[in-house]
Amino acid sequence: MSTTAQTPSAGNALYGGVTNRRVTIRDLARAKERGERWPMLTAYDALTSRIFDEAGIPVLLVGDSAANVVYGYESTVPVTVDELVPLSAAVARSTKRSLIVADLPFGSYQGSPQQALETASRFMKEGNAQAVKLEGGHSVAPQVEMLVSAGIPVMAHVGLTPQSVNTLGGYRVQGRGEAAAALLKDAKELERAGAFALVLEAVPADLAAQVTEQLSIPTVGIGAGAGTDAQVLVWQDMAGLSPRVAKFVKTYANLGETLRDAASTYADEVVNGAFPAEEHTYKS
């Protein structure tokens with residue numbers, strides 16, 4: 001598979017392409033064939049999802065990172081299916097073009113392929129997602145096979161898998177040294193199981209590029225260098241809302257400071273009587 005990027009036509013580009021339908025997993029596969037890179041962002045609510053959809057982001061991930069940025073948990077482990085399904089539904093209702101991928105949270109699929117099917121079915125039926133994502137290597141290949149055979153597209157996720165943070169001993173780079181071969185093996189097994197894409201998180205850039213070259217499905221990097229087919233970031237990290245971010249995050253705005261300034265200005269105007277002013281007041 002050549003990694004030489006080609007310039008897609010305006011009509012079929014994943015980012016910025018004009019279309020009156022949802023992006024599909026076939027569109028992602030064709031982008032891989034063209035060597036087209038594309039962006040993915042997390043999304044958890046109607047307002048920001050609509051903005052990202054209008055901006056042309058082709059894939060939105062309703063991530064279990066909602067555990068941290070929406071619900072205030074310290075890790076992704078505590079968040080439940082019941083907490084994530086409504087977020088997926090909100091994102092789906094507020095978008096027209098983006099492919100909506102929903103994370104299966106910890107404990108909702110590892111038990112068996114049947115458990116994975118039951119959980120994924122809820123995200124597809126109640127959450128209106130078009131695909132699901134799960135973490136793990138060869139151990140979840142049977143789950144991937146079951147879901148794909150049932151008609152549920154699966155995005156896989158290897159490298160740093162946050163749901164396994166307790167086993168990994170913290171948020172550490174994965175796939176260094178002898179572990180690289182095991183990660184590559186897992187990636188190939190997940191592709192054989194039917195995954196339509198693979199997230200590579202916190203792995204060395206040269207390993208991520210090797211995996212990308214050897215797989216026919218697109219890879220999505222997060223802390224995996226520039227050699228993957230796509231990139232994903234938690235939108236609050238990208239936009240400068242998160243108080244702390246990982247090394248691999250680039251912030252493209254400072255919304256945290258903007259919101260603090262807006263809240264302070266609002267509060268000052270309420271206290272000194274400047275708000276509401278005449279133009280904000282109804283008359284009889």
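This is a predicted model: local features need pLDDT of at least 70, side-chain atom pairs count only at pLDDT 80 or more; totals for chains, interfaces and linings use all residues.
Local features are taken at pLDDT of at least 70 and side-chain atom pairs only at pLDDT 80 or more, whereas totals for chains, interfaces and linings use all residues. Residues are numbered from 1 along each chain as its sequence is written, and side-chain values use heavy atoms, without hydrogens and water.

Helix α4 (residues 81-93) packs with helix α5 (residues 113-125) at an angle of about 30°, their axes being 9 Å apart; helices here are DSSP runs (H or I, at least four residues) numbered from the N terminus, and axes are lines fitted to C-alpha atoms over the stretch in contact, with angles from 0 to 180 degrees between N-to-C directions. This makes α4 roughly parallel to α5, a term for angles under 35 degrees. Val81, Asp82, Leu84, Val85 and Ser88 of α4 meet Thr119, Arg122 and Phe123 of α5, where contact means heavy atoms within 4.5 Å.

Helix α8 (residues 179-193) and helix α9 (residues 205-214) have axes that come within 10 Å and cross at roughly 30°, and the two are therefore roughly parallel as well. Ala180, Leu183, Leu184, Ala187 and Lys188 of α8 make this contact with Leu207, Gln210, Val211 and Gln214 of α9.

Methods: Angles under 35 degrees count as roughly parallel, over 145 as roughly antiparallel, 65 to 115 as roughly perpendicular and the rest as oblique.
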